[in-house]
Every structure is written in C-alpha cells, then in structure tokens.
Amino acid sequence: MACFWYYSQSASLTAAHFYTTISMKDKTALSTKDYETEAVIFTKDQLAKKAKNRPELQDLSFINGRLKRAIECPDFVYRDFEKPNDRRAHYLKEYLVNGVQRYTKVIVAIDQKPRFVVTAYRPDYVKERGKTELIYGKDN
Amino acid sequence: MEKTTKSILDLVKEIPNAASEQGWVFTLDKDEGALFYGPKIAPKDTELFQVSDEYAVYLDKKLHPRGVVIEYYANNFVQHHQEFKKLNQEFFSSSKDSIVLEPKKTGDSAIFKSLLEKTLISDAVLSPVRDEVIATK
C-alpha cells in the first residue's frame with residue numbers, strides 16, 4: 001500500500017458540535033485498510049463512546065489525519081498488552097520535543113472482519129515496549 | 001519558543017485539588033481495560049504525559065492536570081496494588097462495558113478516591129518515567 005501523508009483540512013470542533021456532527025446517518029467515522037491491506041473501520045458509535053474520555057478523538061482532523069495514517073502506515077506495531085492475540089497497538093511517530101517522542105497510538109481489534117478501531121490517543125510513551133511482541137516495524 | 005516546565009511530583013500533587021474542584025469521576029472502560037479519573041467529558045486542548053509505567057495524566061497548556069488514565073487497570077495496576085482488589089470488586093464488578101463512579105465525601109468511594117490519589121503520588125515518587133514535563137508555546 002502506498003503510504004503518503006496528508007492532513008484533513010477539517011477544523012477542530014467543540015464537544016457539542018462534535019457530538020452533533022458524528023450523529024449523521026452514516027455509521028462509519030473512518031474506513032480504510034491497514035498495513036496488511038485488511039479493511040479497518042472506526043464506527044461512530046465507538047468514536048462517541050471513546051471521545052468522552054479521550055480528548056484527542058474530539059478532533060475530527062486527528063481522526064482523518066494521524067489516526068488514519070497510523071492504521072495504514074504505522075512506524076511499528078505491538079501485540080496489545082491485554083488481548084495479545086486479538087488486538088494490536090499501532091504506533092505512528094509524531095514529533096520529538098525536548099527529547100520526548102510523541103506518538104499516535106491506535107488499538108485495532110483483529111479478531112473480526114472488518115477489523116475495527118477500539119480507541120486511539122496520543123501518548124508520549126510506549127506501554128507495550130519490552131512487554132509484548134513487536135510484530136511490525138522498528139521501535140527505536 | 002517559550003518553555004514551561006513542572007516537576008512530575010508537583011503536578012501529581014495537584015490532582016486531589018483539581019479532582020475536587022472540577023468534580024472528577026471514575027470511569028472504568030472494560031472494553032479498553034482503562035480506568036479514567038477526570039471530568040465526565042474530557043476537556044479539549046490537553047496532552048497526555050506519562051508519569052510512571054502505570055499511568056499518564058492529561059495536562060492543559062499551563063501544565064495543570066485535567067485527567068488521569070490508568071491503562072490496563074485490572075490486569076496490571078490492580079495486580080501491582082493489591083490494596084485495590086476489594087474496593088475494585090465492590091465498585092466495578094458489573095458486567096457493563098463502562099462503569100462511572102462518582103466519589104462521595106464519605107464511605108467507600110471516598111476511601112477509593114483517597115487511596116488512588118495517594119497511590120498516584122507514591123508511584124510518581126518511586127517509579128517516575130521522567131522528572132519533569134515541558135510544554136512549549
């Protein structure tokens with residue numbers, strides 16, 4: 001799959017506008033293919049559930065930009081800590097500030113088709129490092 | 001570029017006051033396995049900073065805490081902090097995917113709140129992943 005970087009021009013939304021926007025008829029907030037060319041979806045129901053506690057998901061430009069790219073072209077992928085056979089943690093490097101690397105992290109459930117996004121956020125730490133198997137890319 | 005720095009310990013010590021002033025609640029997301037301690041709707045314009053291997057905090061641009069996330073709460077955090085086991089069963093044994101607990105001023109939920117806040121501080125003292133956080137404008 002060709003990996004190219006792009007940004008959605010969508011503006012950030014207020015929380016109220018966000019919940020209005022995602023209540024549209026279409027049930028999918030994002031539909032794409034991962035680095036193994038398997039279909040991956042992020043449903044609007046799941047997005048609404050997760051956005052309450054994950055402020056990153058209240059920004060639609062994040063969903064259509066970095067989150068999408070982390071699914072399609074991650075820098076590295078670990079098995080999930082809690083469900084290692086059923087879920088994967090995709091990491092995309094964002095930027096390095098003051099020696100600290102920030103990532104986009106997307107948890108993808110792979111135990112059904114299409115694969116689906118469980119949640120996503122922007123940590124500055126790789127929780128799975130040294131704990132679960134690195135299954136794609138290089139974590140360095 | 002203007003830099004603001006704050007020690008990990010200083011920011012973690014702000015959590016109890018921030019929680020009381022902003023009415024933080026506990027949300028156990030069983031699907032994700034994470035315990036969130038923050039406002040019912042997480043505020044925007046915050047960034048996640050890891051404090052210890054166990055948890056991270058959402059900080060606003062002035063580096064004030066706006067929420068706490070304990071990833072893999074039941075399968076990791078509680079295993080390392082057995083004192084939570086009994087209270088955890090009391091509050092979070094429902095089969096629902098997401099359980100919200102609003103701490104009260106007295107009773108077991110107040111004990112849970114106090115115990116968690118103390119544990120967050122002790123983790124930051126004993127096993128921080130860094131000494132300070134830096135925000136740039």
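Across the interface of this predicted model, 18 residues of chain A are in contact with 23 residues of chain B, two residues being in contact if their C-beta atoms, placed from the backbone, lie within 7 Å. On the side of chain A that touches chain B, the largest share, 3 residues, is supplied by strand β6 (residues 115-121) of chain A; here helices (H or I, at least four residues) and strands (E, at least two) are DSSP runs, numbered from the N terminus. That side of chain A divides into 8 nonpolar, 4 polar and 6 charged residues, where Ala, Val, Leu, Ile, Met, Phe, Trp, Tyr, Cys and Pro count as nonpolar, Asp, Glu, Lys and Arg as charged, and the others, Gly among them, as polar.

Residues are numbered from 1 along each chain as its sequence is written, while chains are lettered from A and ligands numbered from 1 in the order in which they are written. Local features need pLDDT of at least 70 and side-chain atom pairs count only at pLDDT 80 or more, whereas totals for chains, interfaces and linings use all residues.

Within chain A, strand β1 (residues 28-33) and strand β2 (residues 39-43) pair in the antiparallel sense over 5 bridges, pairing being assigned if DSSP finds at least two bridges between two strands. A:Thr28 stands opposite A:Thr43 in β2(A), and in this hairpin, which has 5 residues between the strands, A:Thr37 takes a positive phi near 60°.

Chain B contains an open sheet of 6 strands in the order β4-β5-β6-β3-β2-β7, with antiparallel pairing. At its edges stand β4 (47-50) and β7 (98-101) of chain B, each with a single partner strand, so one side of each is left without a neighbour in the sheet. From one strand to the next the twist averages 20°. Strand β2 (residues 25-29) of chain B is joined by 5 bridges to strand β3 (residues 34-38) of chain B, the two running antiparallel, and B:Val25 stands opposite B:Gly38 in β3(B).

Elsewhere in chain B, B:Arg130 is found in the loop between α5 (108-126) and β8 (132-136).

As for confidence, pLDDT, the predictor's confidence in each residue from 0 to 100, has a mean of 87 in chain A, with 82% of its residues reaching 70 or more. Over residues 4-13 of chain A the pLDDT is below 50, and this stretch has 15 contacts in the model beyond near neighbours in sequence. Where pLDDT is low, the predicted coordinates should not be read in detail.

Definitions and conventions: Axes fitted to C-alpha atoms, helices over the stretch in contact; angles between N-to-C directions.
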